[in-house]
Amino acid sequence: MLPRMATANPLENGKHEDLDASDLPKILERLRAAQNKSGTPSYEKRIERLDKLLKGVMAHKDDFVRAINEDFGNRAKHETLVAEIFTTINTIKHTRAHLHEWMEVEPRPVSWLFAPARAEIVPQPLGVVGIIAPWNYPMQLALAPAAMALAAGNRVMIKPSELTPRTSETMAKVVKEMFADDEMVVVTGDAEMGAAFSKLPFDHLLFTGSTRVGKIVMKAAAENLVPVTLELGGKSPAIVSEDFPIDVAATRVMHGKCFNAGQTCIAPDYALVPRKQVDRFVDECKAAVAKMYPALKANPDYTSIVNEKHYARLKGYLDEAKAKDAKVIEINPAKEELPSEQHRLAPQLVVDPPKDLAVMQEEIFGPILPIVPYDSLDEAIAFVNDRPRPLALYMFAYDDDAVSKVVDRTVAGGVSVNETLMHFAQEDLPFGGVGPSGMGHYHAREGFETFSKKKPIFYQARLNSAGMLRPPYGKTIDFALRFLLGK
């Protein structure tokens, strides 16, 4: 039953209990003991937990919107509603609708040699799942995978980012309100707490964040042989084909680049554009931004960079590019002065950048778009393949052969054709990286399976021929082996 909600912010009173790293093993043990005692939860129990999560998100959606906005300085309300609230709710509802199907036992055939025995695959919860969530989508990237883990029958520990403390505190209080402390727990804290969290002997650990930190997390998990799913990032390319309308491509690329001010792991990191169309692409990018964001300084639709450190990092990329005489174009439709304390960075284009610039080496994670000219599609494909495999790839073309060529000859975590970002929102598609951009999947059935052990079970029949396989061996097995192996 959903607790009665007050008209004021129900989370204002009281503070989430303070924890330190020494408390983490005790919390994990409490969750594991409860899981061991109760065993595999029923379908009804899993639905009950999904319903509690859904009710918590729905009841406190305004609290999450407010907290995320405060953490960012300004986060566009509609971006939070779409990318955090709606996406999480949609994941829970989709998971709920398909859970019975995903839980079904899968019969497997048995060789005639072992008939009339039978075999099957039973999905079983792993136990306790740890989730380390990032700051860029601090609610959705914590609670959406938590929904998958709960659906698979697990208990859950979440460590949200210390860079979005208000959101983390809100999440901790909502989860504490909706769940028993031996079902799901949120632990807040700094990077030291996160490091201790990654060392716990979970039954599975999901980390979303940078490739650099992902390596550290995987190394820590390896000490306890904890299986990991890593959702990382990288430099996701957008390839624009000659046959595709350049204005449409520019609008869709800049939307993907400016959504959440580019602070999205699957944002288009750079654009590969036919050389003869680069100037027009630049003009269309300017027009697209001017239409979406006529002004930037006081525009609630334009999100700020999350903090001073990341703002300074992005400014450093631009300073380096200018120092090396790269062509940097600021798109500031109202020509406003943007105070640095607001951490609002106008969209920037870096045209034909030298390949040694930081914007061509590092994941940008901000509203800066390098534009790389190419002379042939083969050249564009080679450019992508010469770099670490990206989390996403975007191909803009109406020519089916060109699309097939790019999809077949490149490797990426996911692909959207003639659009950006949208493959992530498809609940029946798995999401995950490849190589430096990650490993493993969640979303859809694959997410349920990530947090499950697909247990193979063999059932011997009362009457069977297995006796011939036990010593002392005799004529029966000799006859069988001659038949099976040949003379």
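Modeller: β6, α8 and β7 make a right-handed β-α-β unit, where right-handed means that, with the strands pointing away from the viewer, the path from the first strand over the helix to the second runs clockwise. Helices (H or I, at least four residues) and strands (E, at least two) are DSSP runs, numbered from the N terminus. This is a predicted model, in which local features need pLDDT of at least 70 and side-chain atom pairs count only at pLDDT 80 or more, while totals for chains, interfaces and linings use all residues. Residues are numbered from 1 along each chain as its sequence is written, and side-chain values use heavy atoms, with hydrogens and water left out.

Within the unit, strand β6 is mostly covered, since 5 of its 5 residues are buried (under 20% relative accessible area, with exposed meaning over 50% and partly exposed in between, for a 1.4 Å probe and protein chains only). H204, L206 and T208 point one way from β6, whereas L205 and F207 point the other way, and all are buried.

β6 has pairing partners, where two strands pair if DSSP finds at least two bridges between them. With β7 (residues 228–231), β6 runs parallel and is joined by 4 bridges, and in this pairing L205 stands opposite V228. With strand β3 (residues 128–132), β6 likewise pairs in the parallel sense over 4 bridges, and here V129 stands opposite H204.

On a 1 Å grid over the protein atoms alone, a pocket is an open set of points with protein on both sides within 12 Å along at least five of seven lines, whereas a cavity is a set where a 1.4 Å probe fits but cannot get out; lining residues have an atom within 4 Å of a point. Grid points are joined across faces, edges and corners, and a volume is the space filled by probe spheres set on the points. The elements that give two or more residues to the lining of the largest pocket are α7 (191–198), β6 (204–208), α8 (211–222), α11 (308–323) and α12 (358–361), and the largest share, 7 residues, comes from α8. By residue class, the lining of the largest pocket divides into 24 nonpolar, 12 polar and 13 charged, where Ala, Val, Leu, Ile, Met, Phe, Trp, Tyr, Cys and Pro count as nonpolar, Asp, Glu, Lys and Arg as charged, and the others, Gly among them, as polar.

Elsewhere in the model, the second largest pocket holds about 390 Å³ of space. The second largest pocket is lined by 18 residues, of which A83, T87, F259, L421 and F424 lie nearest its centre. Both α4 (77–103) and α5 (140–151) supply at least two residues each to the lining of the second largest pocket, and the largest share, 5 residues, comes from α4. The lining of the second largest pocket divides into 12 nonpolar, 5 polar and 1 charged.
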